[in-house]
Amino acid sequence: MAAPIVTAVFDGDSSGGKYRVEIDARPFVSGARKMVFKGALTGNGPRNSEIVIVKPFREFPGSREQCDTEISKNLEAHKISQTYNDTMKSSGQWLRFILPYRSSLERVAKVSTTNNMSKSRQLECGEWVLIEEYIGDNFKKFIDDRGRSAAGGTSLLHAFVHFSYQASNRSLVISCLQGVESDTGYQLATPTIHSSDYRFGESDQGEAGILQVFQNHKCNNICRDFAMPHMLKNLNPM
């Protein structure tokens, strides 16, 4: 039987492989801004048959531009995390932000898009969605978008939040760190970035968001000497 939801063809690996995603009929979780489906890649490259995550926007059909904004957050977080990993080599742990792809929905059957039938949004042909590497079901939020510790937010992660502010010349802070932990580090997805020029989408709360993150942040031995917003530079370290 044909999959009820299928994306258009997109470039899905560095070798130029072309893929579609055949998407499960129902999401397995619905977040604050996106629904989360599992799917499988079908195509002519090495990722054929790989399980992936597909994220439509929860409240409205997504556009290509909205997906590009979401991808830009991951790219920025990835870039800063690489510098952070170089700085923290002696810790033996690393942070890795997965980089999503985007595509539009080419075929959509009549399916519920949430597990609560009364609150479903019907997916539409032509709407744009994000496609991410599947990193496992043990997915946790470690630090929320306001900089508060959630499930096991460690000194390494809290220091990265602070590091992102210093590494960006005080122009942004990366929060909402969520993903999967392993013995050697963290694979992370879907960060929130608050920036001085509001360039990272609807979750970007600008300078107010930056200040709120630091109001909730407690410095540790990794980050206590990093740059702080001037209004908060006298916050006591942990």
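Leaving aside residues up to four places away in sequence, Thr 192 touches Asp 145, Val 173, Ile 174, Ser 175, Cys 176 and Ser 203, where a contact means heavy atoms within 4.5 Å. The model is a predicted one, so to speak of local features a pLDDT of at least 70 is needed, side-chain atom pairs count only at pLDDT 80 or more, and totals for chains, interfaces and linings use all residues. Numbering starts from 1 along each chain as its sequence is written, and side-chain values use heavy atoms, with hydrogens and water left out.

Thr 192 sits in strand S14; helices (H or I, at least four residues) and strands (E, at least two) are DSSP runs, numbered from the N terminus. With 4% relative accessibility, Thr 192 counts as buried. Buried stands for under 20% relative accessible area, exposed for over 50%, and partly exposed for anything in between (1.4 Å probe, protein chains only).

Helix H3 covers residues 206–216, and its buried residues are Gly 206, Gly 209, Ile 210, Val 213 and Phe 214. They lie on the same side of H3, because they cover an arc of only 130° around the axis, the arc being that of the directions from the helix axis to the C-beta atoms. Ala 208 and Gln 215, on the other side of H3, are exposed. What do the buried residues of H3 pack against? Their partners are helix H2 (155–167), strand S11 (172–175) and strand S14 (192–195).

The loop between S14 and H3 holds Glu 202. Setting aside residues up to four places away in sequence, Glu 202 touches Arg 33 and Phe 60. Glu 202 and Glu 70 are 132 residues apart in sequence, yet 9.8 Å apart in space, C-alpha to C-alpha.

Strand S7 (residues 94–97) has two faces: Leu 95 and Phe 97 make up the covered one, Trp 94 and Arg 96 the uncovered one. S7 runs parallel to strand S13 (residues 185–189), and 4 bridges join them; two strands pair if DSSP finds at least two bridges between them. Trp 94 has Gly 185 as its bridge partner in S13.

As for the cysteines, a disulfide is a pair of cysteine sulfur atoms within 2.5 Å, and the count by this rule is 0. Cys 125 is in no disulfide, its nearest cysteine sulfur being that of Cys 67, 16 Å away. Cys 125 counts as exposed, at 51% relative accessibility. Cys 219 counts as buried, at 8% relative accessibility.
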